[in-house]
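Reader: I would like to go through the helix packing and the pocket, term by term. Please set each value against its cut-off.

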Amino acid sequence: MVYWETRLTKPLWTVCSRVILKYWDSMLQRQVSKTLIYSDIFDFPLTLEEIHKYLITDKKNSIEKVKEVLQADKKIKSKNGFYCLAGREKIISFRGHREKESAKKIKNAYKIIKVFKFIPSIKLLGVSGSVSMKNADKNDDIDLFIISEFRSVWLTRLATVCILKLLRIYRGKNSVDVSNKFCLNMIIDEKNLVFQKSRQDIYSAHEVVQILPLLVRDNIYQKFINANLWTKKYLANFEPVEIKNENIGFVSRLSLQIVQILNLEKIAKLIQIAYMGKIKGKETIRDGFLAFHPHDPRKKILRSFKMKLREYNFTTLGH
C-alpha cells in the first residue's frame, strides 16, 4: 500500500509544483507588463534594474526572474539596455536627452542647498517628479518636496518661497516661463509623514519612493519611508539607499524653540492664506500637510493607467 501511495504521490507533487511555478511565472509576467504600461504613460523606457526596482507587485521578486520574463515576452522590446512595450520603441530615443536635462536640473538643485541649510525647520529637502526620475524636458520646472519641524509647515514654506523669489527661481501658479524654476509642491511636518488613505495608490507610491533627497536631518528620510510602508503593496522590491544625514545644531534648535514660543507659525499661515486668496480645489491644506499642485496630474495618470490596462486586456489594477 505504501509503495502505491509513494508512486502516486510523487507524480502528483511534480504536477502540482509545475502548475504553481507556471502560475507564478504568469503572475510575474503580468507584473512586468503592468510596470512597463505604467512607465509608458510618461514615455519612459526602463532598464532591467529599474523594472525590478519599480515592479508593480506586493511580493518581492529576484532580478534574475524579471530578466527571464523580459527575454521571453515577445510583447516587450529592448534597445541599448532599455525596455518598452512593442510598438513603442521610439520612446527609447527620448531617454538620453531627458537624462542630460534632468542632470542639469539636479545640479541646479544642489546649488541652492547651501542656502536652505540656514532654514533650521527643514528636516528634508528633496527633488520629486520627472526630474527625480531623470525624465525631464528642458522646459520643465523642478518639483521640491519638504519635511519640516513639527508645527512649522507654514513658516518653512514662507522662508523657502521668499528665498526662491529673491533668487528669481520660484515657479508661482501664474508663471509662464517655468524652465528650471522651483515649484514647492508639498510640505509636510515630521508628525504627518504618512500619506492619507485616500492618497495611497500606485501614483503616490511612486511619488514616495522616487523622491531624491538632497538635504536630510535627524534621519527623517528613513522615518518617512518607514512611515509609508503601505507602498510595499504596490512596489515591494523598492529599498531606499543610504543617505548622508546631518544633525541640527544647538543654535538652530534654540531658534526653533523661540519661533514656537512666539507662535510665528500662526502668523506665517495667516499671511500666506491672505496672499493666496480663494483656494481653488487643487490645494490640500490641513494641519501639518500642504500640497500645492498648479496642474495636479494624479487623477489623470490613474485614469490613463486604467485605460491602458484595459487596452492590454488587464481587467483590474491588482497584481
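Reader: What makes the crossing of helix 4 and helix 6 right-handed or left-handed?

Author: The model is predicted. In this model, helix 4 and helix 6 cross in a right-handed way. The term applies because the near helix is turned clockwise from the far one by less than a right angle.

Reader: What makes helix 6 oblique to helix 10?

Author: Helix 6 (residues 153-166) packs on helix 10 (residues 264-276) at about 60 degrees, with the axes 7 Å apart. Roughly parallel needs an angle under 35 degrees, and roughly perpendicular starts at 65. The value falls between these, so helix 6 is oblique to helix 10. This crossing is left-handed.

Reader: Which residues of helix 6 and helix 10 meet?

Author: From helix 6 come Val153, Trp154, Leu155, Arg157, Leu158 and Lys165. Their partners in helix 10 are Leu264, Glu265, Ala268, Lys269, Gln272, Ile273, Tyr275 and Met276. This contact has 9 nonpolar, 1 polar and 4 charged residues.

Reader: Why is helix 7 called oblique to helix 11?

Author: Their axes cross at roughly 120 degrees and come within 9 Å. The perpendicular class ends at 115, and the antiparallel one needs over 145. Therefore helix 7 is oblique to helix 11. Ile202, Tyr203 and Ser204 of helix 7 touch Arg298, Ile301, Leu302 and Phe305 of helix 11. The contact divides into 5 nonpolar, 1 polar and 1 charged.

Reader: How do you know where empty space is left?

Author: A probe the size of a water molecule is rolled over the atoms. The largest pocket holds about 980 Å³ of space. It has 35 lining residues, and Phe42, Gly129, Ser130, Tyr203 and Pro297 are the closest to its centre.

Reader: Which elements supply at least two residues of that lining?

Author: They are helix 1 (2-40), helix 5 (129-132), strand 5 (182-189), helix 7 (202-209) and helix 11 (298-311). By class, the lining has 14 nonpolar, 12 polar and 9 charged residues.

Terms used
Residues are numbered from 1 along each chain as its sequence is written. This is a predicted model: local features need pLDDT of at least 70, side-chain atom pairs count only at pLDDT 80 or more; totals for chains, interfaces and linings use all residues. Side-chain values use heavy atoms; hydrogens and water are left out. Axes are lines fitted to C-alpha atoms, for helices over the stretch in contact, and angles run from 0 to 180 degrees between N-to-C directions. Helices (H or I, at least four residues) and strands (E, at least two) are DSSP runs, numbered from the N terminus. Contact means heavy atoms within 4.5 Å. Ala, Val, Leu, Ile, Met, Phe, Trp, Tyr, Cys and Pro count as nonpolar, Asp, Glu, Lys and Arg as charged, and the others, Gly among them, as polar. On a 1 Å grid over the protein atoms alone, a cavity is a set of points where a 1.4 Å probe fits but cannot get out, and a pocket is an open set with protein on both sides within 12 Å along at least five of seven lines; lining residues have an atom within 4 Å of a point. Grid points are joined across faces, edges and corners, and a volume is the space filled by probe spheres set on the points.
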